[in-house]
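Take a look at the sequence and the structure below. Then read on for a short tour.

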Amino acid sequence: MNGITIILVICSLLGGSVISYFAYTFLLQGKSKKVIADAEQEAEVIKKEKMLQAKERFLQLKSENEKAFNEKNNRNMQAEARIKQLEQEQRKELEEVLRNRKEVERLKEQVDHQASNLERKAEELEKSHKQQIEQLEAISGLSANDAKEQLIESLKAIAKTEAMSYINEIMDEAKMTANKEAKKIVVQTIQRTGTEHVVENSVSVFHIDNDEVKGRIIGREGRNIRALEAATGIEIIVDDTPEAIILSGFDPIRREIARLALHQLVTDGRIHPARIEEVVEKTKKQVEDEIIETGKRVTIDLGLHGLHPELIRLVGRMKYRSSYGQNLLQHSRETANLCAIMATELGLNAKLAKRAGLLHDIGKVAEEENELPHAILGMKLAERYKEIPEICNAIGSHHDEIEMMTLIAPIVQVCDAISGSRPGARREVVESYIKRLKDLENLALNYPGVLKTYAIQAGRELRVIVGSDKVTDTEAETLSFDIAKKIQEEMTYPGQIKITVIREIRAVNFAK
């Protein structure tokens with residue numbers, strides 16, 4: 001019973017399994033067919049869509065291709081049209097050229113024909129002219145050349161008379177106008193430049209605190225004052241004048257050196273010959289620096305730039321130079337300002353005129369000895385230091401030694417005369433006095449062995465310093481006599497001149 005039950009259960013299980021298998025298999029096959037059917041249906045849909053997209057793409061590409069083809073055809077057609085148009089234009093131009101060439105040939109033929117007619121008529125006219133001349137010569141009894149010369153002479157005389165009359169009228173009118181305008185410009189220039197009267201002398205006064213200093217300046221047996229006079233070339237006058245020592249000399253630079261050296265010696269308190277020579281040498285360098293600084297200040301004040309350093313130094317030296325009693329630097333500055341004003345009135349270069357006015361008298365302060373007039377010497381100095389030709393000509397011609405080449409030259413000449421001719425500007429006596437003293441010094445300086453010469457006591461004494469190794473005591477006496485004799489023969493002077501020849505022997509050693 002139990003066994004049968006187990007068998008039945010097993011059979012039931014097996015039967016259920018088989019039935020379940022077949023049922024599952026049937027269901028699975030049904031689903032598979034449905035999935036396949038759906039997939040085939042979807043693939044068909046996709047296929048149709050792709051085919052539609054391909055057709056659309058094909059149609060689009062076809063349309064674009066046709067459009068590009070049409071555009072290309074249009075461009076080709078436009079190019080062909082332009083080519084045809086150019087061909088037509090060239091054809092027209094060629095026809096125009098051919099037509100113009102034919103016209104030119106026709107005109108050329110006409111010109112040639114007219115030229116031949118003119119030549120024929122000219123020959124006829126020449127023949128007729130000759131016949132008329134022959135008839136006139138037969139009637140007048142003169143040849144054609146004679147008649148022509150008479151006619152020319154007659155016309156020349158008439159023209160010359162009329163021209164001279166016309167020229168005289170113009171010159172008279174120009175003179176009247178020129179004189180009036182020139183006077184107007186000169187007066188305006190003078191009125192616009194105010195200057196003081198110049199007074200220059202040959203004496204400087206050195207003030208001291210008390211008269212005890214005078215004894216120290218004189219030194220034992222006068223050795224200090226002699227050393228100071230020998231070093232500076234200035235006469236030191238120590239007299240009864242209270243609290244003052246007189247420095248006498250015609251050269252302002254020497255007087256200034258003596259004054260500054262004396263001031264330093266008195267301030268320092270050490271006064272002896274060696275110290276005097278040392279201080280004088282230092283003072284000379286100091287004055288030289290002051291000269292250069294003065295030149296720079298003047299050029300800056302006048303607004304002039306680019307002057308050579310040596311010209312600036314010469315301008316500074318003008319401060320210590322006088323011309324007919326008129327300070328040369330003041331005169332040159334005044335002339336420069338006058339030149340600038342007058343050049344402005346005339347519409348010329350004021351800077352150029354001012355530069356020429358400042359430099360016009362630099363020949364008077366040249367250190368080199370030269371027999372040339374100061375205007376020519378100044379011109380050569382300006383040329384040496386690369387001044388422009390207009391300025392050089394104005395400097396050289398302001399006293400008419402050379403010909404004036406520019407309009408600046410007469411302006412400098414006129415302004416120089418204005419500055420020197422105004423009341424109180426100059427004193428002729430001082431100029432001749434200074435020239436006489438310079439000539440006196442230069443005369444003695446030409447002798448062999450002479451080192452320095454100083455004219456002192458207003459030219460009443462000439463001190464000549466000679467080298468001890470070149471001149472003996474006997475030769476010194478002879479030299480004094482020869483100089484005195486030459487002065488008597490070659491110079492004109494009031495009173496008498498004392499010639500003092502100084503010969504010193506110095507022994508110098510160093511302790512090491």
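This report goes from the whole chain to one of its sheets.

## The chain overall

The model is predicted. The protein chain holds 14 helices and 8 strands. Of its 512 residues, 32% are buried.

The chain exposes about 34400 Å². Carbon and sulfur atoms supply 55% of that area. Now take the contacts between residues at least 6 apart in sequence: 62% of them join residues at least 24 apart.

## A sheet of three strands

Which order do the strands of the open sheet take? The order is β6-β7-β8, and the pairing is mixed. The edges belong to β6 (450-456) and β8 (498-503). Each has a single partner strand, so one side of each is left without a neighbour in the sheet. On average, neighbouring strands here are turned by 20 degrees against each other, direction ignored.

## How the strands pair

Strands of a sheet pair through backbone hydrogen bonds, and they do so either parallel or antiparallel. This sheet has both kinds of pairing, as its mixed label says.

Start with β6 and β7. Strand β7 covers residues 461-466. It is joined to β6 by 6 bridges, and the two run antiparallel.

Now turn to β7 and β8. These two run parallel, again with 6 bridges between them. Here V466 stands opposite R503 in β8.

## The enclosed strand

Is β7 buried or exposed? Buried: this holds for 6 of its 6 residues, so β7 is largely enclosed by the rest of the structure.

In a regular strand the side chains alternate between the two faces of the sheet. Both faces of β7 are covered. On one side sit E461, R463 and I465. On the other sit L462, V464 and V466. All of these residues are buried.

Which helix lies across β6, β7 and β8? It is α14, made of residues 473-490. Helix α14 runs at about 155 degrees to β8.

Note on methods:
Residues numbered from 1 in each chain as written. Predicted model: local features only at pLDDT ≥ 70, side-chain atom pairs only at ≥ 80, totals over all residues. Heavy atoms only, no water. Helix = DSSP H or I, 4+ residues; strand = E, 2+ residues; numbered from the N terminus. Buried < 20%, exposed > 50% of the residue type's maximum accessible area, 1.4 Å probe, protein only. Contact = heavy atoms within 4.5 Å. Areas by Shrake-Rupley, 256 points an atom, 1.4 Å probe, with all protein chains shown as cover. Pairing = 2+ DSSP bridges. Axes fitted to C-alpha atoms, helices over the stretch in contact; angles between N-to-C directions.
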